[in-house]
Amino acid sequence: MTQLPDYQQTNQTITFAFPKHPLQLFVLTPTIIRVFENRGDNGSSYAVADHKEQSTSFTIKTVGDHYELQTSNLLVKIDGDRHIDVYDAAGNALAVDYRGKRQLLDKGVDKVHERLVKAEGHNVSGATTGSGQYYQIVKSLAKDEHFYGLGDKTGYLDKRGFEYDNWNVDNPAPQLENFTKLYKSIPVMYGLKNGHPYGLFFDNPYKSHFDMGKESPNYYFYSAVAGNLDYYILGGNSLKDVVANYTYLTGRVPLPQKWTLGYQQSRWGYSASQKEVQAVADNLKKFDIPCDAIHFDVDYMRGYRVFTWDKDQYEGDPKHFITSLKKQGIKAVPIIDPGVKKDPNYEVYADGVKKGYFVKSPDGQVYINKVWPGDSAFPDFGRPEVRKWWARHDKFLVDMGVGGIWNDMNEPASFEGPIPDDVVFSDQDLPSTHKKMHNVYGHNMAQATYAGLKHYQGKRPYVITRAAYAGTQKYSTVWTGDNRSIWPHIQMMIPQLCNLGLSGFSFAGVDIGGFASDTNPELLTRWIEAAIFSPLLRNHAAMGTRHQEPWSFGDPTLSIYRKFVKLRYRFIPYLYDLFEKQTKSGLPIMRPLVLVDDTDPRVRDLNDEFMVGDNVLVAPIVEKSKTKRLVYLPAGEWVDFWNDRQYTGHQDIVVDTPLDKLPLFIRNNTILPWGNPVNHISETPDRTMTFRVYGNQGHYDHYQDDGVDFNYQNGEFNHYTISVKNGQVAINLPHHGFKPIYETINVELSDNQIKLRYDAAAGEYRQS
Ligand code: GLC
């Protein structure tokens, strides 16, 4: 054992004087410790926006051959060989450095065989795991250890046994469980080791790699190609605590506008003409499908020039059309890609060139690659000045009357080969490279879009982005990119959205029906059922595929689709309440069962059920021709949403699942708000609200505001509590800051309906 280095303590920072790279531990809170080794990389974090240190008491002492740093929740041991071992306060191992040597999966094949393997189009295995890392952190893997998080990666809820890369890519191939990378890099992982939860967040934007026990059953590792060693140990008494800690660090999804929780219709191609978009709006109305937004894909622009609108296709006046859509209850959400068409006569390009706002080749020329507009330049979003410039362009769209902005292709995607690593990008005001700034490109673009919308619209910005880094959730909702109309992708939706939620992205969704390939009536039906609780609810498809609007296949698809979208609108007040709670707790809306109860071994890799909050359990059909399914009910008592039958948990039940059935269970003694039956979320405040009681008692906290702007931050909101016990209902108003209060509140008990009226003089609700 190597001798222990000296250490120095400055407040909550300990610096261990290891030769070459001193190692620092920053005690931020009793449950968050940052591990840092400066390896010469400048710049500050894109994920962790501000100061996170809280005054925390801890001890540090020498014990035998190592140091022990102890907070009330975590114990970290550091030895002379730089091993960092993390335990919880009870002494259970959480993240302990692996002492052995890594064993490469495949030491390589000889040249002749490599040629043959590649000739049939295969990759030579081991290529990503073995090479290219600059540093690696290898931790021991227990027999009983499960992994979650990692953002949008494909595959299953439990990431154990797979490897992943953090390098944002636009890959149109069918995304299956062997995919190592997608559009987002969210390098946070949660472990449940022998039932004990912890997390590790690696804050390094450079390309990095996770091997979650693919190479060996004895260890897992993280490696990066460059950058400082900079990671956070996240503790807590439950997985929920650990997720709360991660979102405390990287930020939480701000309260969205309420209508953004409504149904949204999209298809690449609609926006090529006003007629087509209006026909979609007409059909939504004709077929009685509630809807709050239609998305405008790239075709609305003039030759794919961002911040233009092709007037010729919009009877000369797109603003007039957008206003008319709004009167029909539908907001317009146009797409904006980063690629700026190379055209000296186009203002955005000419201005960007003049100001030096595009990324450059090392020789100083504006770097050009191809995307939809053909030759295009790429804004240098890492620079604050460029973000401001981009944000100013949002005015064009806000003046047009749009509801939000959809950011796409911001990995950044490029059609003419990858952007070389050495293209010059900025890291704030420091010159940097594509190699470093790639994974935060979408993040910075989303931040700029958020700032522009907030400034010009004054409402809570609605931004949707495809590429993201840790922390992007502060600015934008996300969708999972180009999935396909195939059953494996409806299956993937559940673990993918659950892991995104654990990774801070509470506001996420997938293209319902599938983007690429052709959907079919059964798949579309099961998809809308499975997605109806997904925070972002958008049906979107690629140009050239079979149409998949709700009415495309007639009945029964249409009537089932309608039934579920209408159900969604009933649940919007519940979802909105969960969003408001999320701003404080950091806990996602859509939750894997393991988050709700991490002590239940049955739910540690459950891929076809999820919870909405803690009390609604959804077990969708994600397989073809399935007329029955097994549903695992966790501990507790459960009520079948459709027929009020009661079940005791900790058992599997068989549920009949005809095409129009979504198995749905409510935890006994739950109160749920039940939205009014509307086809659009109105900006006129609700004057009445209903609460449904499942079981015979319960308590519920309900939130209400105008659902639009930031006035709630000045106290303009109402907070109601609804309590039911022994057939008695009590409604209180602990905060009344939003004037238009509910005049009546209906409480639906299992055997009775109670109506309460607001008595303004007394300032309370009374039974009428
Ligand atoms: C990308 C997006 C997709 C969009 C298309 C055209 O493939 O992921 O949603 O429809 O580009 O803009």
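Start by selecting E748 and R692, which form a salt bridge (a side-chain nitrogen of Lys or Arg within 4 Å of a carboxyl oxygen of Asp or Glu) with the closest N and O atoms 3.2 Å apart. The two residues link distant parts of the chain, 56 residues apart: E748 sits in strand β47 (residues 744–748) and R692 in strand β43 (residues 688–694). Helices (H or I, at least four residues) and strands (E, at least two) are DSSP runs, numbered from the N terminus.

The model is predicted: local features need pLDDT of at least 70, and side-chain atom pairs count only at pLDDT 80 or more, while totals for chains, interfaces and linings use all residues. Residues are numbered from 1 along each chain as its sequence is written, and side-chain values use heavy atoms, with hydrogens and water left out.

E748 is partly exposed at 24% relative accessibility, and R692 is partly exposed at 22%. The classes are buried (under 20% relative accessible area), exposed (over 50%) and partly exposed in between, with a 1.4 Å probe and protein chains only.

Next, select D652 and R602. Their salt bridge has its closest N and O atoms 2.8 Å apart. D652 lies in strand β40 (residues 651–656) and R602 in the loop between α13 (593–596) and β35 (610–612), 50 residues apart. D652 is partly exposed, with a relative accessible area of 34%, and R602 is partly exposed as well, with 42%.

Now go to R466 and D170. Their closest N and O atoms are 3.4 Å apart, and they form a salt bridge. R466 is in the loop between β28 (463–465) and β29 (468–469) and D170 in the loop between β12 (163–166) and β13 (184–185), so the pair ties together parts 296 residues apart in sequence. Is R466 buried or exposed? R466 is buried, at 1% relative accessible area, whereas D170 is partly exposed at 27%.

Last, look at the largest pocket, whose volume is about 620 Å³. A pocket is an open set of points on a 1 Å grid over the protein atoms alone, where a 1.4 Å probe fits, with protein on both sides within 12 Å along at least five of seven lines; lining residues have an atom within 4 Å of a point. The volume is the space filled by probe spheres set on the points, which are joined across faces, edges and corners. Select V169, D170, E411, A413 and S414, which lie nearest the centre among the 35 lining residues.
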